[in-house]
Amino acid sequence: MKVMQFSKSFLAAFVGAAFLVGCGEEEPATHPKDSESQAFISQYEVREYHPVLIKNATILTATGEKIENGSVLFSEGEIVAVGTDIEPPSDDDLEVIDAEGKWVTPGLIDVHSHLGVYPAPGVQSSADGNEMTAPVTANVWAEHSVWPQDPQFQLALAGGVTSLQILPGSANLVGGRGVTLKNVPGRSVMEMKFPEAPYGLKMACGENPKRVYGSKGQAPMTRMGNVAGYRKSWIAAKDYMEKWDEYESGLGNGKPPKRDLRLESLAGVLRGEILIQNHCYRADEMLVMMEIAKEFDFKVTTFHHGVEAYKIADKLAENDVCSALWSDWWGFKQEAYDMVESNVALVDKAGACAVVHSDSATVIQHLNKEAAKAMTSGNRLGMDIKPEHAIKWITINAAKAIGVEEKTGSLEEGKMADIVLWDGNPFSVYTKAEKVYVDGALMFDRNNEHFQPVSDFKLTTIDTESN
């Protein structure tokens, strides 16, 4: 039966292979109060795979360079060389791929996803992305809801997505920690966790928290209630951090403060260990959030959705804040009304970090086309944005937005070999990802069903009719 044949192939390709640890020894998270043990650290391991040389391709490196008739050599999980005159090593295991007429890019990165916490099938029993029990739930971690068998991970992989940040929803002022994953099969979320990626703390401005809690007759009911809630939480976190600092310096009564999971995450932000990932639509609210960051001496790393980011693009650049944006979503609620299709391009033109994100299990499957739409909208205004620049919005800028730009996001020597081979120009609606490599291992091949992973859950739904 076909399903049995496929299952054995899948196991041979993805489970039975020997593994190599490719990213060095895992360091414990920096603040001892939330990582005294080795619980919840990354157990991700690079798949063993032979060296590969892709040649005669058009290469977008995400460093601003476009290489015609170029080559990429990768081995043991890392990029070895990128250029036009690469001498292939004398290795019997080397696979050479002639990619004439095809394009190569870094693996795509989605900085705003809910895969695994809102998995398919979309039923209430598995909707685990919003802890709508208090305005501040910094104590919850999205990874504790991620279902690794979500078949949507494989659909994203077929679209070229090699890494993604899974966030809690936006019902709360502080919704909890997100987690960055490598898009590989895993029995647990720990086997998917991107090694040493910093945590992100999800916050939300505007309509969502005031609607959710105002409808219950409690604070916040207004935007000023939202801000009061943020500030109250940061005051408590600062006090908590100072008590721990006092204890660790040998001062005080020698007794450690009682652990508080909510304040632990907030204090992690104040210590610079956890990044702020802030759902925020309106320009004025983004500016207010940056004032709060100034008051409590932390940094907003990325604003998500940012429909009005174009209005404050200069301020975003000045404060080195990334904006994760849609190409053309707008108008589904009042705070999403004042949008322009050139939002991404205008933020980019101001010198700020522009990112195209999904927030959708469907959009994540074609992030390249979303970036193409954003590029086209900018070019209609005469910006002359080239593919070699626009690719940054879904690769290296996205990596910066989640704090992994030193490891992935561009085709450079020594970086993770997260690579996509496209059957044409990735900014064309007709183009598909042909091969997808994660840390140098082939994880998806459109022309080889042995490299088209299927989750255990999805296997039970495949047609079992005999050939």
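Trainee: Which residue in β12 stands opposite Leu201?
Mentor: This is a predicted model, where local features need pLDDT of at least 70, side-chain atom pairs count only at pLDDT 80 or more, and totals for chains, interfaces and linings use all residues. Residues are numbered from 1 along each chain as its sequence is written, and side-chain values use heavy atoms, leaving out hydrogens and water. Strands are DSSP runs of E with at least two residues, helices runs of H or I with at least four, both numbered from the N terminus. Opposite Leu201, β12 places Ile276.

Trainee: In which sense do β11 and β12 pair?
Mentor: Strands of a sheet pair through backbone hydrogen bonds, either parallel or antiparallel. Two strands count as paired if DSSP finds at least two bridges between them. β11 and β12 have five bridges, and their sense is parallel.

Trainee: Which are the edge strands of the open sheet?
Mentor: Eight strands form this sheet in the order β8-β9-β10-β11-β12-β13-β14-β15, with mixed pairing. An edge strand pairs on one side only, which holds for β8 (108-113) and β15 (353-356).

Trainee: How far apart are the end C-alpha atoms of helix α6?
Mentor: Helix α6 (residues 283-296) has 14 residues. The expected span is 1.5 Å times one less than the number of residues. That gives 20 Å, and the end C-alpha atoms agree, being apart by 20 Å.

Trainee: Is Ile235 buried or exposed?
Mentor: Ile235 is found in helix α4. Buried means under 20% relative accessible area, exposed over 50%, and partly exposed in between, with a 1.4 Å probe and protein chains only. Because its relative accessibility is 52%, Ile235 counts as exposed.
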